[in-house]
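Take a walk through this model from the inside out.

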Amino acid sequence: MLILTQKDVQKILPLSQIKKVINVVEKAFFDFEQKIAEMPPKMYLIFKEFDGDLRIMPAFSKKLLIASTKIVNVHPQNPKKGLPSVMAVIILNDPKTGIPLALMDGTWITAISTGAASAVATKYLARENAKTLGVVGAGFQAITQIAAISKVKKLKEIVVYDISEKAIERLAKILAKEKIKIKKGSIEEVCQKDILVTATPSREPIVKKEWIKPGVHINAIGADAPGKQELDPEILKDAKIVVDCLEEASHSGEINVPLKKGIINEKDIFGELGEIISGKKAKRENEDEITIFDSTGLAIQDLYTANLVYKEAERKKIGRQIKII
């Protein structure tokens, strides 16, 4: 079995190579819609007393002939303890025998594949001439969101809001290495851009309807567990809502609270991203349409990205082989 640390994974897939991840994640959504990739619902262990949770996320691709299982935590208070709020490991298995092929860090794969999913959604749902990006939340996920979206749109301005100025400064330093410039702005200013990313752990709406202009595309990233939400539900009522997976999003995405409260219903959900990619359903249809991509983070994204890492690691002889059988 091949063992890959986070340094190994980042060496194979640095931020500068995020375009490769965008390509495989787009294939993952297409294959999922075509029933070539399988993904049971993720399982949650909720640790209420510790304000966190643990998720188990399996997937299998008939095309790649490989299976994966990701174990990932989300603990929003971890940064106060000097730990990342999200950490993960991914196991790859040979479906023919079940033998474990690799054990790798999944923290970077989670971040980079989630950024790639937003880029894919932006490619299909944002206006052709979208040139400005606003980001609410300057945490770890903001790095890959901005880097990935910058690969599918020629951005002239990137504005970020966070309650922590230090977080914005840290984000700016990291992105400067990729020759990406950002500036800080108010949350109202950020929400006025052509493309909006919300990437916070909020359980209350923080983006108001009156801040949203016609024609915006929103990547709603932060709501990834029951009870979480970032957008005023009234925004959803007036938008074309595209989810990564309806079953997952209904349980834990941006739509989960509005659905439970009856503010919207399943008929208000336009479709899944894979249906847009495959041409089964229409992408953006006019300049004034408000589009929302509800991203919960899918096991198929992790599988296709981890497989890319595994193949590259074997080719470049990166990592450590251990015998477990």
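This is a predicted model: local features need pLDDT of at least 70, side-chain atom pairs count only at pLDDT 80 or more; totals for chains, interfaces and linings use all residues.

Residues are numbered from 1 along each chain as its sequence is written, and side-chain values use heavy atoms, with hydrogens and water left out.

Start inside. In soluble globular proteins, nonpolar side chains tend to be buried together. A nonpolar core here is a set of buried Ala, Val, Leu, Ile, Met, Phe, Trp, Tyr and Cys residues joined through side-chain atoms within 4.5 Å. Buried means under 20% relative accessible area, exposed over 50%, and partly exposed in between (1.4 Å probe, protein chains only). The largest core holds 76 residues, and Met 104 and Ile 146 touch the most other members. Helix H3 (residues 107–125) contributes the most to this core, with eleven residues. Helices (H or I, at least four residues) and strands (E, at least two) are DSSP runs, numbered from the N terminus. Beyond residues up to four places away in sequence, Met 104 touches several partners, among them Leu 4, Val 89, Ile 109 and Tyr 310. Contact means heavy atoms within 4.5 Å.

A second, separate core has 25 residues, including Val 207 and Leu 231. Both of these residues are in contact with Thr 198. Thr 198 sits in strand S11 (residues 195–198). It counts as buried because its relative accessibility is 0%.

H2 (residues 18–33) has 16 residues and reaches 23 Å from first C-alpha to last, close to the 22 Å expected. That expected span is 1.5 Å times one less than the number of residues. Buried residues of H2 include Ile 22, Phe 29 and Glu 33. H11 (residues 299–316) has 18 residues and should span 26 Å; its end C-alpha atoms are 25 Å apart, which agrees. H11 is mostly covered, with 14 of its 18 residues buried.

Lys 317 follows H11, with phi near 60°. Lys 317 is exposed too, at 72%.

Next, the charges. A salt bridge is a side-chain nitrogen of Lys or Arg within 4 Å of a carboxyl oxygen of Asp or Glu. The count comes to 23 salt bridges. Glu 26 pairs with Lys 123, the closest N and O atoms being 3.1 Å apart. Glu 26 lies in helix H2 and Lys 123 in helix H3, so the pair ties together parts 97 residues apart in sequence. Glu 26 is buried at 13% relative accessibility, whereas Lys 123 is partly exposed at 41%. Lys 193 and Glu 157 form another salt bridge (3.0 Å, N to O). Glu 275 and Lys 281 also pair, at 3.7 Å.

Ile 99, Ile 324 and Ile 325 make a nonpolar patch of about 300 Å². Patches are made of residues with over 30% relative accessible area and no salt bridge: like charges are joined within 9 Å, nonpolar side chains (Val, Leu, Ile, Met, Phe, Trp, Tyr) within 5 Å. Accessible areas come from the Shrake-Rupley method with a 1.4 Å probe; for residues, only the protein chains shown count as cover. Ile 325 lies in the segment after strand S16 (320–321), and is exposed at 73%.
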